[in-house]
Amino acid sequence: MKKLLSLLMVALVIFSLSSCGNIPANQSEKADLAQSPQDQGADDNNNPPKEVQKPIDCSKVKPNELGQVMVLMYHEIGDKEADWVRTPDNFRKDLQTLYDKGYRLISLNDLLDGNINIEAGYTPVVLTFDDGDLGQFKVKMVDGKPAPDPDSAVGILMDFYKEHPDFGKAATFYIYHPLPFREREYIEYKLKFLVDNGFEIGNHTDTHASLSKLDGNGIQKELGLNVKHTQEYIHGYNVNTLALPYGSVSKEYAKYLLDGNYEGIEYHNKAVLLVGANPSKSPYDVDFNPLKVPRVRGSEMNVEGLGIYDWMKYFDEHPEKRYISDGDPDTIVVPEGMEDKISSEKFTIKKVATY
Ligand SMILES: [Zn+2]
């Protein structure tokens, strides 16, 4: 029975499109709406018109939702640029360059869930920050109340979003304890601010431990206590991704990275992020491995040709390698011939279309 079920589930229907505007099946409603503007908002009541999705021309937009996605890795944001330090101005430059080159922010969880909801023709990008340094989230008092310092990463992201709302607002902060973001009196304010504003908090172990030196019990203690301590500030928060300090773990105990339990505190990670230097495969790719998500360094210093600007240049020169959205999160659109590379078991609820 189980086998039969899984066979059924794999039976993804693949459509071939002459143009992306003619998406069949249950996409037709949207397509019809787009073609019949007189129907929009015609109800007698005052309901706002339904959101209309404009048909896109695949030959122009060239969607490729099996293309690669950069998961950017930052550490400290600080005054002096160094291997693991980005200045506020350089971080602003990174955001502006990404924006200008057609990248749009999505959260790591949305990437993992295949919930990639950006405009047609654009490329998703994920931001991550390791270590919870002060420069990532510093407090500045405004009218007697704490607010993000406009020169800290969170302040920069908030301001950039205000100016460019279509860029999106998302990042995952991989913190450890006991002093995430280094200002004791504001830990709770900061963690709540992040969650309230759509940012994510990830697991970076409890004490920034090198997990390669620990056994199964040691790993479970480090990961379980991180969750416990984060939840002391934000009750019930689901810490569900892990960035490995120093980027390694012994193979024997790797399973404890995903699930474990320390003194009754359970944890479950749906992705493990590496320090690695490459863009990630698309989450729809059969070869996408959530347990080894590589990251690209958000730096220009000693990146050996594998930093953020190197990869942006690479994607400028090889646009066919880059994830390009079709604008519809429910349909996976790829150039004809690539459909066999789609992980049909994981994304059974999506429709697949080729052109
Ligand atoms: Zn670290």
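**Reading the fold**

Author: The protein has nine helices and 17 strands. Helices (H or I, at least four residues) and strands (E, at least two) are DSSP runs, numbered from the N terminus. This is a predicted model: local features need pLDDT of at least 70, side-chain atom pairs count only at pLDDT 80 or more, and totals for chains, interfaces and linings use all residues. Residues are numbered from 1 along each chain as its sequence is written.

Reader: What percentage of the 355 residues is buried?

Author: Buried residues make up 41% of the 355. A residue is buried if 20 or more other C-beta atoms lie within 10 Å of its own, exposed if 12 or fewer, and partly exposed in between; C-beta atoms are placed from the backbone.

Reader: Which residues of the largest nonpolar core touch the most other members?

Author: In soluble globular proteins, nonpolar side chains tend to be buried together. A nonpolar core is a set of buried Ala, Val, Leu, Ile, Met, Phe, Trp, Tyr and Cys residues joined through C-beta atoms within 7 Å. The largest one here has 75 residues, and Val71, Leu72, Val125, Val126, Ala153, Phe173 and Leu273 touch the most other members. Leave out residues up to four places away in sequence, and the contacts of Leu273 include Val71, Thr128, Leu244 and Arg295. Two residues are in contact if their C-beta atoms, placed from the backbone, lie within 7 Å.

Reader: At what angle do helix 4 and helix 6 pack?

Author: Two packed helices are described by the angle between their axes and the distance between the axes. Helix 4 (residues 88–100) meets helix 6 (residues 153–163) at about 35°, with the axes 10 Å apart. Axes are lines fitted to C-alpha atoms, for helices over the stretch in contact, and angles run from 0 to 180 degrees between N-to-C directions. Helix 4 contributes Pro88, Phe91, Arg92 and Leu95 to the contact, and helix 6 contributes Ala153, Ile156 and Phe160.

Reader: Which residues of helix 7 are buried?

Author: In helix 7 (residues 187–196), they are Ile187, Lys190, Leu191 and Leu194. Seen down the helix 7 axis, they fall within an arc of 95°, so they line one face. The arc is that of the directions from the helix axis to the C-beta atoms. The face turned away carries the exposed Glu188 and Asp196. Cover for the buried residues of helix 7 includes strand 9 (172–175), strand 10 (200–203) and helix 8 (216–233).

Reader: Why does Glu266 count as exposed?

Author: Glu266 counts as exposed because it has 11 C-beta neighbours inside 10 Å. Glu266 lies in strand 13 (residues 265–268).
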